[in-house]
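Here are some exercises to work through with the structure open beside you. Try each task on your own, then follow the solution step by step.

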Amino acid sequence: MKAIIGIVASMEVNTDRYHVSLDHITAITRAGGIPIVLPYTKQLGQVKKYLELIDGLYLIGGDDLDPDYYGKEPIPELGPVLPERDEFEIKMTEQALAAGKPFLGVCRGAQILNVAMGGDMYQDIQAEYDTTQLQHTQKAPKEHGSHHVNILKGSRLHQLTKRTTLKVNSWHHQANKSISPGYQVVAQANDGIIEAIESKESLFVLGVQWHPEIMAGHDDLASIRIYQGFIQACEREEVK
Ligand code: MN
């Protein structure tokens, strides 16, 4: 059976339209999954029903997380926040993992994963991360791998990509900071910024800070393998 992948739709502050880039849909479809787009709502009771519909959860990019979720006051550099989306995605992540559903988060999705599991973040890496910094908001074309990441040997990400370094695209001014127990940092940029985390358990739970959906659409093999691994994990869990 093909795996059904739930994608929680994004929205921009002060707009009234949900959206999901075609890149996400294409990456999931090409890897053999069936994407369904789930609008977040104020009705948190919908989370359980949504989870009954899907074999895996996929979270995408968007605005900043409310720092209150990791016990911080907002600093001036914090960008727009959508409290309803934060609340819904955090709840959805907690319940998906509790239900044994595989998870893949890209960009903000990797941050939601970490915060939902009890980790914290840099609200703005320029303001809060003081060692040498790379350009994490790239000015190069969106599919260009602009900075390197070093991948932990033996990690799921290493097994998937078969690489110990990758060049990745990068648009983030926030980043994960401390990681919750049960998780490990599996990719870092050369300035030390965390670029991917994953669960130490056998369930497929991976968050990457970059945008593999765009690179996969430009035939980047490592990105394609991330989606293939995720979809295969969802198919396996569905059979159980
Ligand atoms: Mn980066």
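Aspartate 219 counts as exposed, at 61% relative accessibility; exposed means over 50% relative accessible area, buried under 20% and partly exposed in between, with a 1.4 Å probe and protein chains only. Aspartate 219 is found in the loop between helix 7 and helix 8 (221-239). Helices (H or I, at least four residues) and strands (E, at least two) are DSSP runs, numbered from the N terminus.

Before going on, note that this is a predicted model, in which local features need pLDDT of at least 70 and side-chain atom pairs count only at pLDDT 80 or more, while totals for chains, interfaces and linings use all residues. Residues are numbered from 1 along each chain as its sequence is written, and side-chain values use heavy atoms, leaving out hydrogens and water.

**Exercise 1: the metal site**

Task: find which residues coordinate the manganese ion.

Step 1. Look for donors, meaning N, O and S atoms within 2.8 Å of the metal (3.2 Å for Na, K and Ca); water is not among the atoms, so sites may look incomplete.

Step 2. The manganese ion is held by His136 (ND1), His147 (NE2), Ser170 (OG), His172 (NE2) and Glu195 (OE), at 2.2 to 2.4 Å.

Step 3. Along the sequence, these donor residues follow the spacing H-x10-H-x22-S-x1-H-x22-E. Serine 170 sits in the loop between strand 7 (165-168) and strand 8 (175-176), and glutamate 195 in strand 10 (residues 194-199), so this pair ties together parts 25 residues apart in sequence.

Step 4. Check the accessibility: serine 170 is buried at 0%, and glutamate 195 is buried at 1%.

**Exercise 2: the neighbours of strand 10**

Task: work out how many bridges join strand 9 to strand 10, and how many join strand 10 to strand 11.

Step 1. Two strands pair if DSSP finds at least two bridges between them.

Step 2. Strand 9 (residues 183-189) runs antiparallel to strand 10, with five bridges. Here glutamine 188 stands opposite isoleucine 194. The hairpin has four residues between the strands, and glycine 192 takes a positive phi near 95 degrees.

Step 3. Strand 11 (residues 205-208) is also antiparallel to strand 10, through three bridges. Isoleucine 197 faces glycine 207, and five residues lie between the two strands of this hairpin.

Step 4. Strand 10 is mostly covered, with six of its six residues buried.

**Exercise 3: cysteines and phi angles**

Task: find how many disulfides the whole structure holds, then look at the phi of cysteine 107.

Step 1. Search for pairs of cysteine sulfur atoms within 2.5 Å, the cut-off for a disulfide. The search finds zero.

Step 2. Both cysteine 107, at 7% relative accessibility, and cysteine 234, at 0%, count as buried.

Step 3. Most residues other than glycine have a negative phi. Cysteine 107, which is not a glycine, has a positive phi of about 55 degrees. Cysteine 107 lies in the loop between strand 4 (103-106) and helix 4.

**Exercise 4: a covered helix**

Task: decide whether helix 4 is mostly covered or mostly uncovered.

Step 1. Count along helix 4 (residues 108-116): nine of its nine residues are buried, which makes the helix mostly covered. Among them are Arg108, Gln111 and Asn114.

Step 2. Just after helix 4, glycine 118 has a positive phi of about 105 degrees.
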